[in-house]
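User: I have a structure to go through with you. Could we start with a helix and then turn to the domains?

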Amino acid sequence: MANDNNFGKWNRRDLLKALGGIPLFGAVWYSGASLAGSAKREKQFLLETLNIKASPPPTSGPMSGKPLRLGIIGFGIRGEQLCRAMGFASTGWLKDMNEALEKNPKDTRLADFKAQENLNIKLAAICDVFDERAEDAIASFNNGDNKIKRFRTHTELINSGEVDAIVIATPDHWHAPMAIEALNAGIHVYVEKPMTHNISETYTLRDAVLKNPKAVFAVGHQHRQTQSFLTAQDVINKNILGHISLVQTNTNRNDDNGAWQYDIHEKASPKTIDWDLFLGNAPKEPFNLEHFFRWRKWWAYGSGLSGDLMTHDFDRINCILKMGIPNSVSASGGIYTHRDGRNVPDVMHVNMEFPDFSTGGSQKAGKEKGMTFVYSATLGNQFDRGTLLMGHDGSMELGNRITVYADPRSTKYAELIKEERIEAGVPIYQYDPAVSGTDAVTSATAKYFANKGLLWTYRDGKRVDSTFLHLREWLSCIRNGGTPSCSIKEGFEEAISAHMGGLAYKLGRRIDWDPAAQKIIALPGEDLDAVLLANK
Amino acid sequence: MNYPKLTNVQGYALVLLRILIGWHFLYEGVIKAYNPSWTSRGYLLSASIFKPFFAWLAGDSLISTIDTLNIVGLIAVGISLLIGIKVKWGCIGGMLLLLLYYMAHPPFPNLPQGPSEGSYWVVNKNLIEMAALFVIYQFPLTTVFGLENLFSKNRVNTTIN
């Protein structure tokens with residue numbers, strides 16, 4: 001061949017050799033661009049069809065003004081967490097976190113706490129029947145900026161004139177009596193869940209809230225602050241799922257702490273614990289460390305799975321579906337994984353029936369109505385079964401993320417499924433507050449990374465927890481007006497439903513609700529509260 | 001440098017390999033370029049043994065540059081290998097990109113594998129593609145098939161028989 005670059009002397013073979021790659025390049029580019037374009041159009045089409053508005057809950061109002069004076073009643077595990085969420089970390093926790101940070105420089109817990117917004121409050125009062133805990137709070141929170149005082153009883157604390165608001169983190173049997181007393185004294189109340197321990201006090205507490213509209217009342221269901229909550233509501237409002245006939249929720253735990261086997265403090269004794277005050281309205285019982293520290297295991301002070309954990313799931317679904325109190329509840333279960341003398345079940349299933357409830361449908365009118373809410377729990381296995389809302393047209397997995405799948409037999413999506421624009425098993429919608437934007441059809445790879453939480457983006461540079469947001473919402477309502485997202489209506493529905501679950505388990509029969517009379521139906525001569533509280 | 005003369009089949013076999021790799025790079029680049037929500041962040045953040053380095057690349061200040069460089073790199077290597085221009089540079093660029101992909105998730109025992117459609121131990125497709133580019137690098141194939149034919153000053157030594 002010639003040793004030159006003269007085009008005139010090139011034959012067709014030479015040109016093919018020189019330029020043959022160019023059509024290949026064009027083909028590859030065109031193919032990639034058109035595939036990416038059509039995938040984008042399909043995704044856009046689905047998002048527009050579904051038209052789900054993805055938005056985090058609005059932030060609550062400013063924390064300015066005079067500092068609020070707060071009292072904490074109960075400085076146990078939860079009480080300490082709540083104080084921390086309000087900006088008051090105990091000395092012990094700070095020491096632990098400093099040590100953890102020395103061991104692992106990547107531990108962000110201390111940094112997250114320090115980055116938390118100042119809620120402009122004074123922790124002015126503490127009440128705990130165990131001296132060690134009360135003294136721990138005083139030692140931790142009595143400093144230049146903050147003066148904290150111990151009160152022996154909640155009544156003294158409430159009437160001291162030194163607090164504007166209280167946070168109740170005691171055993172369940174003290175929730176309502178303290179909340180009622182505080183509300184009647186015009187003090188704002190944040191009470192942990194379950195809102196009440198028995199049926200009658202649920203009504204008394206509701207009356208107290210309604211009689212004292214100036215006192216702001218909130219129940220501690222912090223799940224309401226989950227980023228995905230408004231988006232999930234929009235999925236329901238837009239009837240994306242069709243008629244929802246079944247909701248599945250659950251608790252899966254497999255460790256001692258999860259089974260309420262909390263640590264017993266070495267300095268606990270009849271001298272350091274005001275036992276009679278702990279018992280309150282509970283049946284008289286000789287001093288018992290198990291009962292004091294692990295009170296969730298007995299009906300006399302706690303309410304087991306139905307009160308401690310089902311209430312969270314019930315409220316989470318209630319804030320999305322607003323289905324209210326079920327018409328009837330049945331339950332079963334037993335003490336199967338922790339036979340240690342407890343009398344609350346550790347495996348429990350509660351079925352709540354809502355025969356008249358409808359989320360709207362896509363089929364002919366009148367065909368669909370009614371829903372069952374299933375709560376299933378075990379303290380002997382922690383496999384995550386997920387929360388699932390199952391409708392005729394689709395299913396929604398609900399957590400920090402939301403994933404929506406079309407049902408292969410859906411009426412609404414039948415055409416799209418036939419045209420293969422929707423594939424069974426591939427989510428038609430996914431919302432993850434940790435990644436920017438929303439997705440219609442998500443690749444397996446993107447899902448893999450999202451599930452590992454690697455795509456988390458920080459909101460305003462800070463990662464905030466839901467308990468903080470929930471307390472902030474309550475404090476904002478105190479300062480700026482408004483009603484907390486979980487107040488008395490929601491708390492009443494949560495408490496009654498939980499008590500119906502407890503009763504159904506204990507009585508072994510279906511428990512009915514009379515919506516007209518607003519009463520749980522008892523058999524003649526039956527004292528439902530006595531059944532619920534009985535330590536057996 | 002003197003290259004051994006290749007037989008027709010040897011030359012075309014190597015060119016075929018070059019075209020296939022170019023095709024692959026180009027397509028990966030184009031798909032990413034046309035998908036505005038694509039980012040390498042997840043891949044980088046889930047890196048195993050050289051996590052600090054890859055996490056640095058995936059940081060807020062660098063990630064968009066890294067994503068753009070990756071797309072540009074993939075397309076440039078793809079064009080180079082497919083149409084046969086500056087193939088040696090294309091091979092080097094391609095090997096560097098593949099080395100980064102390989103090191104982010106090396107299929108070493110006891111390391112998390114990340115998303116993967118097959119089973120690998122030490123050797124995976126990234127490593128094989130890297131080796132293939134190393135082979136291509138050894139031969140001046142642009143004159144067998146490629147745009148550089150147009151500019152070649154000395155075609156005699158490198159043409160196939």
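This is a predicted model: local features need pLDDT of at least 70, side-chain atom pairs count only at pLDDT 80 or more; totals for chains, interfaces and linings use all residues.

User: Which residues of α6(B) are buried?

Analyst: The buried residues are Asn126(B), Glu129(B), Met130(B), Leu133(B) and Ile136(B). They lie on the same side of α6(B) because they cover an arc of only 115 degrees around the axis.

User: And what covers them?

Analyst: The cover over the buried residues of α6(B) includes α1 (8-33) and α5 (87-104) of chain B.

User: How many residues does that helix have, and how far does it reach?

Analyst: Helix α6(B), residues 125-137, has 13 residues and reaches 18 Å from its first C-alpha to its last, close to the 18 Å expected.

User: Moving to chain A, what is the secondary structure?

Analyst: Chain A has 18 helices and 17 strands. Of its 536 residues, 42% count as buried, and the C-alpha trace spans about 110 × 60 × 45 Å along the principal axes.

User: Which domains are assigned there?

Analyst: The assignment gives domain 1 (68-225 + 470-490) and domain 2 (229-462 + 496-533) of chain A. Their C-alpha centres lie 24 Å apart. The contact takes 25 residues from domain 1 of chain A and 34 residues from domain 2 of chain A.

User: Which helix gives the most to the domain 1 side of that contact in chain A?

Analyst: That is α8(A), with 4 residues. The residues on this side of domain 1 of chain A divide into 10 nonpolar, 9 polar and 6 charged.

Methods:
Residues are numbered from 1 along each chain as its sequence is written. Chains are lettered from A and ligands numbered from 1 in the order in which they are written. Helices (H or I, at least four residues) and strands (E, at least two) are DSSP runs, numbered from the N terminus. The expected span of a helix is 1.5 Å times one less than its number of residues. A residue is buried if 20 or more other C-beta atoms lie within 10 Å of its own, exposed if 12 or fewer, and partly exposed in between; C-beta atoms are placed from the backbone. The arc is that of the directions from the helix axis to the C-beta atoms. Two residues are in contact if their C-beta atoms, placed from the backbone, lie within 7 Å. Domain bounds come from an automatic or database domain assignment. Ala, Val, Leu, Ile, Met, Phe, Trp, Tyr, Cys and Pro count as nonpolar, Asp, Glu, Lys and Arg as charged, and the others, Gly among them, as polar.
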